[in-house]
Amino acid sequence: MGQDWWRGGVIYQIYPRSYQDSTGNGQGDLNGITQRLDHIASLGVDSVWISPFFKSPMKDFGYDVSDYRAIDPSFGTLDDFDALLARAHELGLKIMIDLVLSHTSDQHDWFVQSRQSNYNQKSDWYVWADPKPDGTPPNNWLSIFGGSAWQWEPKREQYYLHNFLTSQPDLNFHNPDVQDALLDVVKFWLDRGVDGFRLDTINFYFHDQKLRDNPALLPDERNASIAPAVNPYNHQNHLYDKNQPENLRFLERLRAMMDLYDDRTIVGEVGDAQYGLDIVGQYTKPGRVHMCYAFDFLSPEPLTAQKTRSVLSDFANKAPDGWPCWALSNHDVVRHATRLSTATDNAQQCMQAALLLSMEGSACIYQGEELGLPEANVPFEALQDPYGITFWPEFKGRDGCRTPMVWDDTAQAGFSSADKTWLPIDPQHLTMSVAHQEEKNDSMLHFYRQFLQFRKSHTALVSGKTMALNATQSVLDFIRNGDSGDIFCAFNFTDKPQTIPFEHAGDVLTASGFTPRLSNGALTIAPHAAAFVAMKGNS
């Protein structure tokens, strides 16, 4: 992989608490990931994104960092991380780590100092504000996890901002010292050899210094892509608590540091329902982040041909200089095997995976996606996610997509030797384990391996530009333009065969069991299937 290995790369996301337990305590760890790197390499992906493993009180399971330079003991040590990095590089895998820069844990030493008084060295490192004359919070900003985004601190007689849990205070990026300290953290991990970063909530870094109230949204303007419909967070147009223009200058500073190192990359998470692709367009301009992903394909809405065309067109229009990174599942949303599937067999999931891996851009695959795992059923008494506990039962939280990876059909699925795992393993997952699917030639696991190999054998699908994007109610099609030839790609979103006009000369490509038929100027695509044609001559 060359300087731009990330361009068209496939990223495999690991939620480390749930990948592999090497100690028998019921929770995954870094050595466990190292033990399973051969599985990841066998898929044919290019890199691994590991969700946070830094020292943390684990109120939000690692997304509340108390020391950016230390590994939480529950995951191992810095030596364990170095061993993981070395083994991944031996296998040709890049390692990307999840940096949570917008906020820390309230147990981070910076915040411990900051909350003591208004006049210490770290007093302005977090977002502090006086109350209104009646003692209420300074404005109407809301936390994604429910309630006001402001928490009272008696020692300072002020409120501090938290966009998430009260134990996750927001850093004050308007303070240059804060920016410098965070860039030092980035340098620490780059010097250690990591190949890139996934930046959590990249658009939350800066807040409006005037602390203006967010305006309300009308009911028909609300969008549940970022927060569940029952969350009042959806009732506001978040103009002032995120997406501030000062963010662009910080991202340019960050990119300048990244450019001092060879072959490194950044993918930013844009958490915004109203302005997602507009923000992506700004953030992916030259000199900022390499790529971003929004929640367009992670939302609860059905995945249709026309919706997909709309998202791809919007990205091309709003981020003409940018490179997208797409995902169908991750650690924050219901698994797409449940959220987006209406079929009882694997056909629909195979088509969706082929689509994800054929669109212009890079792609993220979330652990267990290669097995077709559905959302797990986690009873209330076993919930760990504070988000789900707050909004239960209307919103069941994120634990259903975070249950342990299933490696075989033993009691703890080969994940752990413990009697009890941190989240329970859903019994329906046991018959979908890696070991079970290795034995079935038509399994999802083999489909992912075969399709990723097919993708690599056609460079147009990796790095080609998109041309002639079209959609009907049933079929999405486009051409990927590559140096070694153009590939026509079509996707049938229905449970019935579809025939579309195809007047070009071309050879139908065999791709992981998809069997389209090309004859008499028409291409026939099976239900929930994809078709790929190597085009001859001018496209």
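How many bridges join β9 to strand β10 (residues 265–269)? Four bridges join these strands, which run parallel.

The views below come from a predicted model, in which local features need pLDDT of at least 70, side-chain atom pairs count only at pLDDT 80 or more, and totals for chains, interfaces and linings use all residues. Residues are numbered from 1 along each chain as its sequence is written, and side-chain values use heavy atoms, with hydrogens and water left out.

**View 1. Strand β9 (residues 196–199) and its parallel partners.** Helices (H or I, at least four residues) and strands (E, at least two) are DSSP runs, numbered from the N terminus. Two strands pair if DSSP finds at least two bridges between them. β5 is joined to β9 by four bridges and runs parallel to it; here Asp 98 stands opposite Arg 198. Towards β10, the bridge partner of Leu 199 is Gly 268. Both faces of β9 are covered, with Gly 196 and Arg 198 on one side and Phe 197 and Leu 199 on the other, all of them buried (buried means under 20% relative accessible area, exposed over 50%, partly exposed in between, with a 1.4 Å probe and protein chains only). In general, side chains in a regular strand alternate between the two faces of the sheet.

**View 2. The surroundings of Phe 197 and the nonpolar cores.** A nonpolar core is a set of buried Ala, Val, Leu, Ile, Met, Phe, Trp, Tyr and Cys residues joined through side-chain atoms within 4.5 Å. The largest such core has 141 residues, and Phe 53, Phe 81, Trp 189, Phe 197, Phe 491, Phe 514 and Phe 532 touch the most other members. Helix α5 (residues 176–192) gives the most to this core, with eight residues. A second, separate core of 27 residues includes Met 96, Phe 204, Met 291 and Phe 395. Apart from neighbours within four places in sequence, Phe 197 is in contact with residues including Met 96, Val 186, Trp 189, Leu 190 and Ile 266 (contact means heavy atoms within 4.5 Å).

**View 3. Helix α5 from its cap to the residue that follows it.** At the N-terminal end, Asn 175 caps α5 through a side-chain oxygen that lies 2.8 Å from the backbone nitrogen of Asp 177. The 17 residues of α5 should span 24 Å at 1.5 Å a residue, and the end C-alpha atoms are 25 Å apart, which agrees (the expected span is 1.5 Å times one less than the number of residues). Among the buried residues of α5 are Val 178, Leu 182, Val 185, Val 186 and Trp 189. The helix is followed by Gly 193, whose phi is positive, near 115 degrees.

**View 4. Ser 102 in the loop between β5 (94–99) and α4 (109–114).** Ser 102 is buried, with a relative accessible area of 0%. The side chains of Ser 102 and Thr 201 are joined by a polar contact of 3.2 Å (a pair of N or O atoms within 3.5 Å; within protein, one must be able to donate a hydrogen and the other to accept it, and residues adjacent in sequence count only if both atoms are side-chain atoms). Leaving aside neighbours within four places in sequence, the contacts of Ser 102 are Asp 170, Leu 171, Phe 173, Thr 201, Phe 204 and Tyr 205.

**View 5. Strand β16 (residues 487–492) and its antiparallel partners.** Six of the six residues of β16 are buried. Ile 487, Cys 489 and Phe 491 point one way, and Phe 488, Ala 490 and Asn 492 the other way. Strand β15 (residues 475–481) pairs with β16 over six bridges in the antiparallel sense, with Arg 480 opposite Ile 487. These two strands form a hairpin with five residues between them, and Gly 485 in the turn has a positive phi of about 130 degrees. Five bridges join β16 to strand β21 (residues 530–535), also antiparallel, and Ala 490 stands opposite Ala 531.

**View 6. Two mostly buried helices, α10 (residues 347–356) and α14 (residues 444–456).** Nine of the ten residues of α10 are buried, so this helix is largely enclosed by the rest of the structure. In α14, ten of the 13 residues are buried, among them His 446, Phe 447, Arg 449 and Arg 455.
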